[in-house]
Amino acid sequence: ISKDSIDAPIKYSAEDSGVLNVATSEFILYGKAKTIYKDIELEAATIQYQQDKQQLKAKGSSDTSANSLKKTKFKQGEMTTLSDSITYNLKSQKGITHNTYYQEGELFVNANKLKKADSNVVYAYKASFTTCNLDTPHFVFRTKKMKIINNKIGVSGPTHPEFEGVPIPIYIPFGIYPLTRGRSSGILVPTFNSSEDFGLGLEGLGYYKVLNDNIDVTLRTNIYSYGGWNVNVNTKYLQRYRYSGGFNLAIQRNKTLNRGSFKAADEFTQTNSYMINWSHSQDTKARPGTSFTTSVNFGSTKFNRNILNNPFQNFNNQLQSSIAYTKNWDGKYNLSLSLNHDQNNNTKLVNLSLPNATFSVITLYPFQKKEAVGTEKWYEKIGVGYSGNLQNRISFYDTAFSTRKLLDTLQWGADHNIPITLSLPAL
């Protein structure tokens with residue numbers, strides 16, 4: 001294979017014409033030209049290919065006053081640029097573009113000159129960048145030099161902002177801009193708050209961690225100047241076509257100011273509380289005939305009252321939970337297991353109903369022959385079914401919990417039904 005040959009075919013098309021110059025080893029496409037080479041797509045008014053250099057040159061169209069009518073579009077992987085002109089080497093994957101518009105993540109860049117060092121790195125000269133996606137953005141940041149690494153980071157030199165075309169005489173020596181796409185771990189920025197009961201507060205400080213494609217964890221904490229704090233750990237998980245859900249654990253240690261007390265010993269009130277939330281649902285296609293769902297809300301009766309600036313939870317005095325599992329065997333046997341919980345934050349009474357079980361069997365005909373021959377006998381029409389139900393119930397008060405009192409309030413019961421049917425002929 002000769003040195004000037006390409007290592008993959010080039011698909012091309014043009015609305016006007018294609019000209020091959022054998023003497024200079026050039027091939028030129030005119031009029032809405034388009035070429036596809038590996039993962040590179042190029043669209044322009046004119047495309048010129050120099051075979052000995054393996055170099056592409058593309059230009060957009062313009063009117064008589066040199067205003068651009070249609071720009072050259074260059075796409076490689078997830079990177080797309082719009083330029084007045086492009087010069088690109090297929091072998092080295094290096095190129096230079098002029099008056100280029102380029103998007104990387106949420107960053108929109110316009111550069112007088114853009115140099116492509118390789119498939120992942122580009123350098124911009126006299127560039128402006130913004131997160132505003134309008135043709136004429138409301139604001140931009142201007143810099144002389146900038147480097148962008150695809151899906152990783154952008155770095156610029158001295159930069160100053162410009163609003164509505166008016167430059168602002170404020171400069172920063174350099175800039176670093178993360179360009180990672182998709183989910184990524186990082187610190188969660190807090191907010192400041194103040195309360196007469198809790199004092200000055202730093203709320204929402206935390207960390208978000210992506211464990212893998214199916215699970216992530218969010219940790220948040222609130223800290224107050226009177227000494228109170230709370231920690232919240234939230235986990236979400238998802239397995240496509242199988243199950244999804246989330247688990248949340250919150251722990252509070254509140255220290256609130258007693259406004260009507262004049263004694264130093266009674267100046268603050270301290271309380272400890274917790275809350276557990278768990279939701280889970282199984283995809284119906286994961287295991288046909290089987291389902292498992294949960295909705296758990298269990299915790300201290302005084303937890304909701306101590307949440308700052310949330311009236312909905314402050315006045316929510318009812319907590320309920322349910323966990324249910326069902327199993328069906330070919331439509332003949334059915335099993336249902338459940339756990340239920342309800343809690344009143346005013347009376348502090350907690351009721352648990354666990355476990356509850358229900359098992360049923362459809363009507364069976366034990367004397368019926370597998371292969372019916374002749375007239376059916378009367379005893380072959382005898383049908384037998386079954387349904388059973390088991391229930392357990394426990395009640396206790398949140399402030400006076402003990403194992404002995406728990407067992408004293410235990411109530412349980414079971415009932416069984418065995419229906420027998422017989423279908424006789426009319427006399």
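The lining of the largest pocket has 11 nonpolar, 10 polar and four charged residues; here Ala, Val, Leu, Ile, Met, Phe, Trp, Tyr, Cys and Pro are nonpolar, Asp, Glu, Lys and Arg charged, and the others, Gly among them, polar. This is a predicted model, where local features need pLDDT of at least 70, side-chain atom pairs count only at pLDDT 80 or more, and totals for chains, interfaces and linings use all residues. Residues are numbered from 1 along each chain as its sequence is written, and side-chain values use heavy atoms, without hydrogens and water.

A pocket, on a 1 Å grid over the protein atoms alone, is an open set of points where a 1.4 Å probe fits, with protein on both sides within 12 Å along at least five of seven lines; lining residues have an atom within 4 Å of a point. Grid points are joined across faces, edges and corners, and the volume is the space filled by probe spheres set on them.

The largest pocket holds about 550 Å³ of space. It has 25 lining residues, with Tyr101, Phe108, Leu134, Asp135 and Pro137 the closest to its centre. Among the elements giving two or more residues to that lining are strands S11 (95-104) and S12 (107-116); strands are DSSP runs of E, at least two residues, numbered from the N terminus.

Now the second largest pocket, at about 470 Å³. Its lining counts 28 residues, and Asn232, Gln252, Phe303, Ile307 and Gln313 lie nearest the centre. S24 supplies the largest share, five residues. By class, that lining has 10 nonpolar, 16 polar and two charged residues.

Terms used. Helices (H or I, at least four residues) and strands (E, at least two) are DSSP runs, numbered from the N terminus.
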